[in-house]
Amino acid sequence: MVVKRIWILLPLIPAALVLAALCLLWLTRGAIWNIILVFALFLLFLPCAVVTSSKLRCPACGEPLCGIGVRYLFRHEREIYCPGCGQRVEIVK
């Protein structure tokens, strides 16, 4: 099974922006423009997460590949298997 790397990395961009906006919100002590910015970025993050979760499913059994991002990015595991059927997941560019 093949998974494109873009579907793993896509939610990280708006998530980093939301975290930066939350930090800025803390520094500005709740400025109204920053509260609006946080909500706008959060609304950007939600569809991105929904699309990514629908794309990261095993084509054989339909099981969601929930921890594939953490295992690929932080643990640097390259041998990833589907939790439902045990099929090998290959990550390509």
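How far apart should the ends of helix 2 be, at 1.5 Å a residue, and how far apart are the end C-alpha atoms? The 17 residues of helix 2 should span 24 Å, and the end C-alpha atoms are 24 Å apart, which agrees. The expected span of a helix is 1.5 Å times one less than its number of residues. Helices (H or I, at least four residues) and strands (E, at least two) are DSSP runs, numbered from the N terminus.

This is a predicted model, in which local features need pLDDT of at least 70 and side-chain atom pairs count only at pLDDT 80 or more, while totals for chains, interfaces and linings use all residues. Residues are numbered from 1 along each chain as its sequence is written, and side-chain values use heavy atoms, with hydrogens and water left out.

Helix 2 has buried residues at Pro14, Val18 and Ala21. Buried means under 20% relative accessible area, exposed over 50%, and partly exposed in between (1.4 Å probe, protein chains only). Seen down the axis of helix 2, the buried residues fall within an arc of 65 degrees, so they line one face of the helix. The arc is that of the directions from the helix axis to the C-beta atoms. Helix 3 is included in what covers these buried residues. The face turned away from the buried side carries the exposed residues Ile13, Leu19, Trp26 and Leu27.

Just after helix 2 comes Arg29, with a positive phi of about 55 degrees. Arg29 sits in the loop between helix 2 (12–28) and helix 3 (32–55). Arg29 counts as exposed because its relative accessibility is 76%.

Three strands form an open sheet in the order 1-3-2, with mixed pairing. Two strands pair if DSSP finds at least two bridges between them. Strand 1 (2–4) and strand 2 (80–81) are the edge strands, each pairing on one side only. Strand 2 and strand 3 run antiparallel and are joined by 2 bridges. Tyr81 stands opposite Arg88 in strand 3.

The largest nonpolar core has 12 residues, among them Met1, Val3, Ile8, Leu56 and Ile91. A nonpolar core is a set of buried Ala, Val, Leu, Ile, Met, Phe, Trp, Tyr and Cys residues joined through side-chain atoms within 4.5 Å. Helix 4 (68–73) and strand 3 (88–92) each supply at least two residues of this core. Not counting residues up to four places away in sequence, Ile8 touches Val3, Leu56, Ile68, Gly69, Tyr72, Leu73 and Ile91, where contact means heavy atoms within 4.5 Å.
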